[in-house]
Each structure stands twice: as structure tokens, then as C-alpha cells.
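I wanted to look up ring pairs and charges over rings.

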Amino acid sequence: MNEFSNMKQKLLAEQVQEQIYRYMKEQNYQIGDKMPNEYELASLFSVGRSTIREAVKLLASKGLLEVRRGSGTYVSGTVPADIDPLGLSRMEDKMGLALDLADVRMILEPGIAELAAINGDERDIRNLECLCEAVERKILDGDSYIREDIAFHAAIAECAKNKVVEQLLPIIDTAVLMFVNVTHTQLREETIQTHRAILDAIRDHDSIGARAAMTMHMAYNREMIRKRMKDKE
């Protein structure tokens, strides 16, 4: 197989892994569930078995699938490792974890937003504007906005221009992921409003305003988690 064919096969496998992941979500597969076999998946997605094997390997590398020799392929995770780098989404007490993360975010992120307002340059702010608009589009279209929300908060951390803050990004990424999942995206309007307020303050280099806007954003999320915990009691 020449280099062009290898590249084509790789691109096809990457496309198919996305299709399989969407299929897993649509069919509501849970951890431990057995996936259809190679023949069934190949028929389902109209590709060869070799492409399915490569796609499954990609999903396995992200912690989503596990191939058990002689038994089959099983779901090992429901969230890709690249947006849950700490693996916290596998913890059973989602509400308790979400509240703990809310407390950590309340400590960290208002200060990070303040630093972002002080140190963010024009390029940083243009990036934030694009990400803010991307989140809004997804929300207004009724689509999942987890990746865009994670990217927005990560960009704020990058605006801070602080090496220690950069090392905290995995915690922030996981926290955003947990918040959106636990609150079931009920804070759509509040997310749009507070994201805009954070962006405006950073753009104006208003450090106190950025801290206040981020605090409000965190407070909305934390209160929603507390409310859902009470509803479950």
C-alpha cells in the first residue's frame, strides 16, 4: 500500500470513528455494553472491516472502547479522554464531584479571568470572541456545546499568560464537561449572558469586571448543581 493509500485509509478511519461515536450516543450505549461485531459495523457504515478495526483502535485510544480477545468490543467510556484528561467522569457520584469542582472553580476562575483582563492581547481577545460566538451558535441551534464551552474557558486561562494557570487547564476542562453534563444544559440563557459579560470585561481590560462576571457565571452553575442535588434527596 503506497503513502497516498495509507493516508486515505487513515482519514477514512477517522471519519468512521466519529460516526461510530455518534452511533454510540444515539443508541445510548453505557459502559460495559457490548458493541456490534466487525461485520455488523462494516455493514452499518458501508466500509471494509479493516477500516472498522482502525476506527475501533482510535476509539480505544480515547478510552471509549475496549477490545476483549475472543469476546468482542465493549464500551469502556462515554466521554473521549481528550475532553476528560483526568478521567473524573468515571466517578460514580456525579453530583458530588460536580459540586466539588464548582468549589474549586469558584476559587480559581474569577482570579484567572482577572489576569486575562490584565494580560490578554488583541489576538487573544479575537480568539475569545470567536469562541464566545461559537458557544452561542450551538446553544441557539440546540446543539451540544461542550467542546466550545471548554475551549472558551481554556482560552481565558491562556489569556492569563501564567505558566501555573496553564497546568490547571485539565481541571478546568473536566469541570466544564461535568457542569454541562450534570446541569443538562439548563443554563443556556445564563451561559450566553455571563460569557458575554466575561468577554466584554476582558476586552475592556476591566479586571474587576472580569472577576465579577466569572464569579456570577460560577454562581449560576453551582446553584443549579445544589438544586439538582436537593431534588434527588
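Which residues form one aromatic cluster? I found Tyr 23, Tyr 29 and Phe 45 in it.

Ground rules first. I am working with a predicted model, where local features need pLDDT of at least 70, side-chain atom pairs count only at pLDDT 80 or more, and totals for chains, interfaces and linings use all residues. Residues are numbered from 1 along each chain as its sequence is written, and side-chain values use heavy atoms, with hydrogens and water left out.

Ring pairs. I paired rings of Phe, Tyr and Trp (its six-membered ring) with centres within 6.5 Å; planes under 30 degrees apart are stacked, over 60 edge-to-face, the rest tilted. I got 2 aromatic pairs by this rule. Tyr 23 and Tyr 29 have ring centres 5.9 Å apart and planes at 45 degrees, so I logged the pair as tilted. For Tyr 23 and Phe 45 the centres are 6.0 Å apart and the planes at 90 degrees, so this pair is edge-to-face. It links distant parts of the chain: Tyr 23 is in helix H1 (residues 3–26) and Phe 45 in helix H2 (residues 38–45), 22 residues apart. Helices here are DSSP runs (H or I, at least four residues), numbered from the N terminus.

Burial. I took buried as under 20% relative accessible area (1.4 Å probe, protein chains only). Tyr 23 is buried at 18%, Tyr 29 is buried at 16%, and Phe 45 is buried at 14%.

Charges over rings. I required NZ of Lys or CZ of Arg within 6 Å of the ring centre and within 35 degrees of the ring normal. Arg 49 lies over the face of Tyr 39, 4.3 Å from the ring centre. Arg 68 has its charged end over the ring of Tyr 74, at 4.0 Å from the centre.

Note on methods:
Buried means under 20% relative accessible area, exposed over 50%, partly exposed in between (1.4 Å probe, protein chains only). Helices (H or I, at least four residues) and strands (E, at least two) are DSSP runs, numbered from the N terminus.
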